[in-house]
Amino acid sequence: MSQIDIKKFNRTVGRKKKGLAKFLRAFGKSEKKGILKIAKQAETETWKEIQCLDCGNCCKTMTPTYTRKDINRIAKHLNMTYQEYFDKYLEKRRDGDITNRSTPCQFLGKDNKCSIYAVRPEDCAGFPHFYRRDIRYQAAEKTYTNNMLYCPATLIFVEKLEKAIGEDL
Ligand code: SF4
Ligand code: SF4
């Protein structure tokens, strides 16, 4: 595998985002049975085509949302107090979310590896949130519509979903 060409990805997603957003709106409202099975298949096929270590774009351009538990765990790992960690790296946003203060993430290495992988935030561990029981809700809430702008795997995943059931929602 070679490094993902993010400029090319940005052009591709720019071209496709409107059509895929329309599909995701319909997907979010769909009552079709078997959607989870199709999503699982789409996820499996997606990870045959792309590897996160060739990308790292989420860690370069987005920020995780931290829980208090995340902060306690990571601070302990770094021999810091909760407050020391917060003051050094984090901010509380207007909506109450606690996030990194800046991007790229302070823990992203040059090799696209996370230096705190074993204790990383739950949000990072779950990203890009493909196979979930509440996948329709996530689609309706624009989780994939927003994430596909940054995440090449999400673009592939959504295209696979559309190909599998776009005509049949
Ligand atoms: S904590 Fe690790 S996985 Fe999460 S954004 Fe930072 S580098 Fe990426
Ligand atoms: S989750 Fe998406 S954006 Fe993050 S490294 Fe993997 S493919 Fe890239």
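Guide: Ala, Val, Leu, Ile, Met, Phe, Trp, Tyr, Cys and Pro count as nonpolar, Asp, Glu, Lys and Arg as charged, and the others, Gly among them, as polar. Keep that in mind for this predicted model.

Visitor: How many nonpolar, polar and charged residues does the shell around ligand 2 have?
Guide: The shell includes Ile-50, Cys-52, Phe-127, Pro-128 and Tyr-150. Gly-56 and Asn-57 are also among its residues, and Gly counts as polar. By class, the tally is 10 nonpolar, two polar and no charged residues.

Visitor: Which helices each supply at least two residues of that shell around ligand 2?
Guide: Look at the shell members Asn-57 and Cys-58, then at Pro-152 and Ala-153. One helix spans 57-61 and another spans 152-165. The helices are α3 and α9.

Visitor: Which charged residue is around ligand 1?
Guide: The shell around ligand 1 divides into nine nonpolar, no polar and one charged. Its residues include Cys-59, Pro-64, Cys-105, Phe-107 and Arg-120. Arg counts as charged.

Visitor: Is Thr-154 buried or exposed?
Guide: Thr-154 is found in helix α9. A residue is buried if 20 or more other C-beta atoms lie within 10 Å of its own. Thr-154 has 24 such atoms within 10 Å, so it is buried.

Visitor: Which residues is Thr-154 in contact with, leaving aside its neighbours within four places in sequence?
Guide: Glu-49 is 105 residues apart from Thr-154 along the chain, and their C-alpha atoms are separated by 12 Å. The contacts of Thr-154, with those sequence neighbours left aside, are Pro-128, Tyr-144, Asn-147 and Met-148.

Visitor: Is Lys-18 buried or exposed?
Guide: Lys-18 lies in helix α1. Lys-18 has 8, so it is exposed.

Visitor: How many other C-beta atoms lie within 10 Å for Lys-60?
Guide: Lys-60 lies in helix α3. Buried needs 20 or more such atoms, and exposed needs 12 or fewer. Lys-60 is partly exposed, and its count is 14.

Visitor: How many Å apart in space are Lys-60 and Pro-104, C-alpha to C-alpha?
Guide: Leaving aside neighbours within four places in sequence, Lys-60 is in contact with Thr-103, Pro-104 and Leu-108. Lys-60 and Pro-104 are 44 residues apart in sequence. In space, C-alpha to C-alpha, they are separated by 3.9 Å.

Visitor: Is α4 roughly parallel or roughly perpendicular to α5?
Guide: The axes of α4 (residues 68-77) and α5 (residues 82-89) come within 8 Å and cross at roughly 95°. Angles of 65 to 115 degrees count as roughly perpendicular. So α4 is roughly perpendicular to α5.

Visitor: How many residues of the contact of α4 with α5 are charged?
Guide: Helix α4 brings Ile-71, Asn-72, Ile-74 and Ala-75. Helix α5 brings Tyr-82, Glu-84, Tyr-85 and Phe-86. The contact divides into six nonpolar and one polar, and the charged count is one.

Visitor: Is the crossing of α1 and α9 left-handed or right-handed?
Guide: The axes of α1 (residues 6-29) and α9 come within 10 Å and cross at roughly 45°. That makes α1 oblique to α9. The crossing is left-handed.

Visitor: How many charged residues does the contact of α1 with α9 have?
Guide: Phe-9, Val-13 and Leu-20 are among the α1 residues that make the contact. From α9 come residues including Pro-152, Glu-159 and Glu-162. By class, the contact has 10 nonpolar and no polar residues, and the charged ones number two.

How values were computed:
Residues are numbered from 1 along each chain as its sequence is written. Chains are lettered from A and ligands numbered from 1 in the order in which they are written. This is a predicted model: local features need pLDDT of at least 70, side-chain atom pairs count only at pLDDT 80 or more; totals for chains, interfaces and linings use all residues. A residue is near a molecule or strand if its C-beta atom, placed from the backbone, lies within 6 Å of it. Helices (H or I, at least four residues) and strands (E, at least two) are DSSP runs, numbered from the N terminus. Two residues are in contact if their C-beta atoms, placed from the backbone, lie within 7 Å. Axes are lines fitted to C-alpha atoms, for helices over the stretch in contact, and angles run from 0 to 180 degrees between N-to-C directions. Angles under 35 degrees count as roughly parallel, over 145 as roughly antiparallel, 65 to 115 as roughly perpendicular and the rest as oblique. A crossing is left-handed if the near helix is turned anticlockwise from the far one by less than a right angle, and right-handed if clockwise.
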